[in-house]
Amino acid sequence: MKDLALLVGGILNSVCIVLVLKNIFLTGFRCILFLTSFHFFMTWSTLSLVSKLGYFETKSMPPRERYVVAFLGVLSIASLNLTLSLNTVGFYQMTKLSLIPFIVFLEMLKGVRFSIPIVVALGFLICGVGMATLNDVGMTAGGLVAAVLALISTSQFQIWQGAKQKEHGLSALQINQSQSLPMTCMVLFLAICTETGFFSSTNLRLSEISTELLFYIILSGVLAVGVNFFSYSIIGRFSAVTFQVVGNLKTILTLTIGHYIFHVDHPTPSSKMLNYGGMAIATASAASYGYLKSRQARIGEKYVEIPEKDTENDD
């Protein structure tokens with residue numbers, strides 16, 4: 001039940017923050033990196049307060065690893081944003097869909113094995129999400145480079161999120177607090193370089209922030225604390241692949257809600273059928289993946305997503 005609550009909580013929290021961000025961007029607010037740095041700052045300050053109150057002990061990775069992982073996380077955010085700005089939304093979504101097979105590939109290089117039913121479920125999930133989200137797929141040369149960089153950095157960052165927790169015996173709260181402050185500083189530096197009037201046409205003016213916008217920004221910061229907690233918890237408890245499955249299920253749920261809240265129009269009846277068919281396939285595939293993982297955990301099938309041990313050094 002705890003695992004189910006963790007997964008459901010992660011999905012619901014992510015859907016909520018997407019809807020809040022949608023309202024923020026509808027106001028014309030475009031300082032995405034400043035908003036991201038605020039989210040990381042909210043996470044760090046909240047967890048630091050919780051730690052001071054004695055709910056968990058502050059513990060961190062060695063400084064070098066801490067900053068390397070934080071840099072990789074920031075590189076992931078920056079390259080994904082660049083991918084979206086240089087390419088079409090369809091190509092951006094295709095890049096995100098490519099994360100699952102690429103993470104599986106990286107894990108297999110490290111000796112992790114996946115059963116055929118799991119691979120089939122992941123394949124149907126990718127196809128379903130693709131049917132529901134991919135429309136115009138166009139790219140530029142620079143956008144392709146950004147997409148490859150996003151693919152590599154995001155995949156490795158999410159794998160390390162789980163690996164470093166286990167390696168250093170950190171809880172989700174501890175590693176989240178450890179990473180939040182350096183990521184705040186790095187993203188803030190990028191924001192100053194790219195989203196201020198000195199370097200860009202995008203200029204953040206506090207006088208233009210209305211009371212309603214300020215409310216949504218603060219609410220997004222509160223929800224971001226939950227998003228960061230659930231992401232580290234899910235990756236630490238399960239794997240980077242499971243986190244991607246949850247992320248794609250969140251995408252489908254967000255699309256479903258968005259169709260009714262924002263009244264999405266379909267250009268043709270066939271595109272509407274394709275979208276809804278993709279949503280159904282993706283949802284069923286995600287459910288199948290969850291069932292297979294649960295069944296394998298119960299019967300103790302140790303050959304799935306578990307690194308092979310080196311038996312030669314057991315003496």
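Let's start inside the fold: threonine 154 is buried, with a relative accessible area of 4% (buried means under 20% relative accessible area, exposed over 50%, and partly exposed in between, using a 1.4 Å probe and protein chains only). This is a predicted model, in which local features need pLDDT of at least 70, side-chain atom pairs count only at pLDDT 80 or more, and totals for chains, interfaces and linings use all residues. Residues are numbered from 1 along each chain as its sequence is written, and side-chain values use heavy atoms, with hydrogens and water left out.

**Overall architecture**

- The protein chain has 11 helices and zero strands; these elements are DSSP runs numbered from the N terminus, with helices being H or I runs of at least four residues and strands being E runs of at least two.
- Of the chain's 315 residues, 45% count as buried.
- Taking contacts (heavy atoms within 4.5 Å) between residues at least 6 apart in sequence, 86% join residues at least 24 apart.

- Helix H7 covers residues 141-168, and its 28 residues reach 40 Å from first C-alpha to last, close to the 40 Å expected at 1.5 Å a residue (the expected span is 1.5 Å times one less than the number of residues).
- Glycine 169 follows H7 and has a positive phi, near 65°.
- Threonine 154 has its place in H7, and, leaving aside neighbours within four places in sequence, it is in contact with Ser76, Leu80 and Leu99.

- Methionine 183, leaving aside neighbours within four places in sequence, is in contact with Phe40, Ala70, Gly73, Val74, Ile77 and Phe157.

**Two more residues to look at**

- Threonine 43 sits in helix H2 and is buried, with a relative accessible area of 0%.
- The side chains of threonine 43 and asparagine 228 are joined by a polar contact of 2.7 Å (a pair of N or O atoms within 3.5 Å; within protein, one must be able to donate a hydrogen and the other to accept it, and residues adjacent in sequence count only if both atoms are side-chain atoms).
- Beyond four places in sequence, the contacts of threonine 43 are Asn176, Ser180, Ala224, Val225 and Asn228.
- Phenylalanine 215 lies in helix H9 and is exposed, with a relative accessible area of 52%.
- The C-alpha atoms of phenylalanine 215 and isoleucine 24 are separated by 9.6 Å, although the two are 191 residues apart along the chain.

**Confidence**

- Mean pLDDT (the predictor's confidence in each residue, from 0 to 100) is 78 for the protein chain, and 80% of its residues reach 70 or more.
- Confidence is highest in H2, at a mean of 91, and lowest in helix H10 (residues 240-261), at 70.
- Over residues 301-315 pLDDT stays under 50, and the model has 22 contacts beyond four places in sequence for this stretch.
- Where pLDDT is low, the predicted coordinates should not be read in detail.
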